[in-house]
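Please read these notes with the model open beside you.

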Amino acid sequence: MMTLVSGGAGSGKSAYAESLILQSSAAPRIYLATMQAWGEEGRQRVERHRRLRAGKGFLTVEQPLNLTEVEIPQGSAVLLEDLSNLTANECFGGAGFAGAEERILTGVDSIRAQAGELVIVTNEIFSDGVTYPPETAQYLDILARLNRQLAAQADRVVEVAAGIPIFWKGENP
């Protein structure tokens, strides 16, 4: 089972995605963290997420790049937090823009093959009407394509707005 959870900043998407993993009978629970903590704000965000999942039985795997390198117990419940950070990491670091989309899709396929339940969090960052520099626009194009491709593959696609899950594909568990 694969679920794609999308939403804007502060929408409640992460909390909702986590609740799906907590409801799952798959085990163990793996929190696949993709954020690289650059600067104090980044470190605070990482620490906030650690506090929020404390005591919930998650094993944290920090993997900001190269998801194909991750090995998890077969049948695990995996929360991939999040696709937007992973895409930025792959595009702006690592091997760069060339092949980033394929590397990410291959990595997601690898995790999906190992997981019993996979929940992927992504961001809705496409409707602000702002014109971005070329590299940022290229990143946004790649993320948009990834969102569409993973939504097509997913069993469920959920958008979270103001803490309310809206089901675009699949059913409420």
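**Notes on the model**

1. Val 61 sits in strand β3, residues 58-62 (helices, H or I of at least four residues, and strands, E of at least two, are DSSP runs numbered from the N terminus). Leaving aside residues up to four places away in sequence, Val 61 touches Ile 30, Tyr 31, Leu 32, Ala 33 and Val 70, where contact means heavy atoms within 4.5 Å. Val 61 and Val 78 are 17 residues apart in sequence, and their C-alpha atoms are 10.0 Å apart in space.

2. This is a predicted model, in which local features need pLDDT of at least 70 and side-chain atom pairs count only at pLDDT 80 or more, while totals for chains, interfaces and linings use all residues. Residues are numbered from 1 along each chain as its sequence is written, and side-chain values use heavy atoms, with hydrogens and water left out.

3. Ser 6 belongs to strand β1, residues 2-7. Is Ser 6 buried or exposed? Ser 6 counts as buried because its relative accessibility is 15% (buried is under 20% relative accessible area, exposed over 50%, partly exposed in between, with a 1.4 Å probe and protein chains only). Beyond residues up to four places away in sequence, the contacts of Ser 6 include Lys 13, Thr 122 and Val 158.

4. Gln 36 lies in the loop between β2 (29-33) and α2 (39-53). With 25% relative accessibility, Gln 36 counts as partly exposed. Gln 36 touches Pro 64, Leu 65 and Asn 89, not counting residues up to four places away in sequence. From Gln 36 to Lys 169 the separation is 133 residues in sequence and 31 Å in space, C-alpha to C-alpha.

5. Helix α5 (residues 134-153) has 20 residues and reaches 29 Å from its first C-alpha to its last, close to the expected 28 Å (the expected span is 1.5 Å times one less than the number of residues). Among the buried residues of α5 are Tyr 139, Leu 143 and Asn 147. The buried residues of α5 pack against β1, α3 (83-92), α4 (100-114), β5 (115-123), β6 (156-161) and β7 (164-169).

6. How do α4 and α5 meet? Their axes come within 10 Å and cross at roughly 30° (axes are lines fitted to C-alpha atoms, for helices over the stretch in contact, and angles run from 0 to 180 degrees between N-to-C directions). Therefore α4 is roughly parallel to α5, a label for angles under 35 degrees.

Note on methods:
Parallel < 35°, antiparallel > 145°, perpendicular 65-115°, else oblique.
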